[in-house]
Amino acid sequence: MHEQVTNVASYGAEPGLRFAVLLDGNGGCRTLDMEAVRRWTPADGVVWLHFERDHPAAAEWVTSRGGFDPLVAEALLEEETRPRVEGIDDGLLIILRGVCATPPDEVKNGSAEVDLVPLHIWADQRRLVTLRDSGHYITALRDIRLALDKSKGPKQTGELLALVSEKLVRDLEPVLDAMDEEVDELDELVFHGDAGEVRERLKQLRRRSVQLRRYLAPQRDALSRIEHDDAPWLKERDKLRFREVIDKLMRFIEYLDAIRDRTSILHDDLSTVISERIARNSNRLAALAALLLPPSVVAGLFGMNVGGIPGVNDTWAFVIIVAFVAVTSVATLMVLKRINWL
């Protein structure tokens, strides 16, 4: 096989193709162009092809030139998917989820949004085909590609697949750490922060933990299915790596459950704090009404436009009434303090 090769990684140089590399069996690779990909045969060695799933050129290659079963091609190009694994002949159809981060050139103010996005994979003895949407940026694949450029990457398909799974799960850790730190921050704000803001952040955090768990639980089952598959190109060392990845993923799922439980507890605490604030404000309003009650009663009685009101012709009547209101107000204030309303 005579293919065009380069020494520098080329991403997205051809429509629909992010990169194509031929593993050299020593941890390194050679970059292929699309014409070389079309001429590739299993005898040439292990090839890794990474496409943009939603690009017409990638769809055309998968359906017409990839040599896939029509059902496999349809699954590789499917839009909405959950993690799963299907064994077909000597290959595996794999759908996993990985952390999608904002590309480095689009990150603003040092922060990037993250989400779990699908990665469609076909793996057999001599070929690994991965597809992700053009708007997604999966750092796990980039890291493996850079390792291959430095001759420190995988040597065969099973090792490459295990490394992809390992990197996908690895990138979950900073996401969960950030969520845990946010829970700690909200724990402090529940009693001293703005209730509306805290409630909204708790709602978003709990929703996010549920969404992540929705995909991580089936991903754990999918990786377990790979570990127990009897494909000849999956070596024992590769299965050991899958076992470690599954164990880490199980701990992450438990971590998400803990975060979800903590947010539920904080939500209950916030509801209690809000209820206490409402009760305290109601008590203050009731105390204020009680303080104003004696003057209101006296003013109402002496303000009636009827005959017989005492003190009409008494010069000291107004002073006596003011003194009476002051005494009764002070007495009311002392009673309110005694019953802890103030």
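A residue counts as buried when its relative accessible area is under 20%, and Glu-52, at 12% relative accessibility, is therefore buried. The structure discussed here is a predicted model, and its secondary structure comes to nine helices and seven strands. Of the 342 residues of the chain, 43% count as buried, while the chain exposes about 18,700 Å², of which carbon and sulfur atoms supply 53%. Among contacts between residues at least 6 apart in sequence, 69% join residues that are at least 24 apart.

**Buried charged residues**

- Glu-52 belongs to strand β3, which covers residues 47-52, and, once neighbours within four places in sequence are set aside, its contacts are Gly-16, Arg-18, Ala-58, Arg-132 and Ser-134.
- Lys-239, a residue of helix α8, is buried yet has no salt bridge, and the nearest side chain of opposite charge, that of Glu-236, is 5.4 Å away.
- Not counting residues up to four places away in sequence, Lys-239 touches Glu-227, Asp-229, Asp-230 and Leu-234.

**Salt bridges**

- Side chains of opposite charge can pair when their charged atoms come close, and the structure holds 24 salt bridges.
- One of these joins Arg-213 to Asp-257, with the closest N and O atoms 2.6 Å apart; this pair links distant parts of the chain, since Arg-213 lies in helix α7 (residues 195-227) and Asp-257 in helix α8, 44 residues apart.
- Within that pair, Arg-213 is partly exposed at 29% relative accessibility, whereas Asp-257 is buried, with a relative accessible area of 17%.
- Arg-251 and Asp-247 also meet in a salt bridge, at 3.6 Å from N to O, and both residues lie in helix α8, four residues apart, which is about one turn of the helix.
- Arg-251 is partly exposed, with a relative accessible area of 44%, and Asp-247 is likewise partly exposed, with a value of 40%.
- Arg-220 forms a salt bridge with Asp-221, where the closest N and O atoms are 3.5 Å apart; Arg-220 is partly exposed at 24% relative accessibility, and Asp-221 is partly exposed at 46%.
- A network of salt bridges links Arg-142, Asp-143, Arg-170 and Asp-171.

**Negative charge on the surface**

- Asp-54, Glu-74, Glu-78, Glu-79 and Glu-80 gather in a surface patch of negative charge.
- Glu-80, one of the members of this patch, is placed in the loop between α3 (70-76) and β4 (84-88), and its relative accessibility of 60% makes it exposed.

- Most residues other than glycine have a negative phi.
- Asp-89 has a positive phi, near 55 degrees; it is placed in the loop between β4 and β5 (91-101) and is exposed, with a relative accessible area of 81%.
- Ser-151 has a positive phi as well, near 60 degrees, and is placed in the loop between α4 (139-149) and α5 (157-170), where it counts as partly exposed at 46% relative accessibility.
- Asp-261 is found in helix α8, which covers residues 236-302, and is partly exposed, with a relative accessible area of 42%.
- Although Asp-261 and Arg-206 are 55 residues apart in sequence, they are 8.6 Å apart in space, from C-alpha to C-alpha.

Definitions and conventions. Residues numbered from 1 in each chain as written. Predicted model: local features only at pLDDT ≥ 70, side-chain atom pairs only at ≥ 80, totals over all residues. Heavy atoms only, no water. Helix = DSSP H or I, 4+ residues; strand = E, 2+ residues; numbered from the N terminus. Buried < 20%, exposed > 50% of the residue type's maximum accessible area, 1.4 Å probe, protein only. Contact = heavy atoms within 4.5 Å. Patch = residues over 30% accessible without salt bridge, like charges linked within 9 Å, V, L, I, M, F, W, Y side chains within 5 Å. Areas by Shrake-Rupley, 256 points an atom, 1.4 Å probe, with all protein chains shown as cover. Salt bridge = Lys/Arg side-chain N within 4 Å of Asp/Glu carboxyl O. Lys, Arg positive; Asp, Glu negative; His and termini not counted. Charge placed at Lys NZ, Arg CZ, Asp CG, Glu CD.
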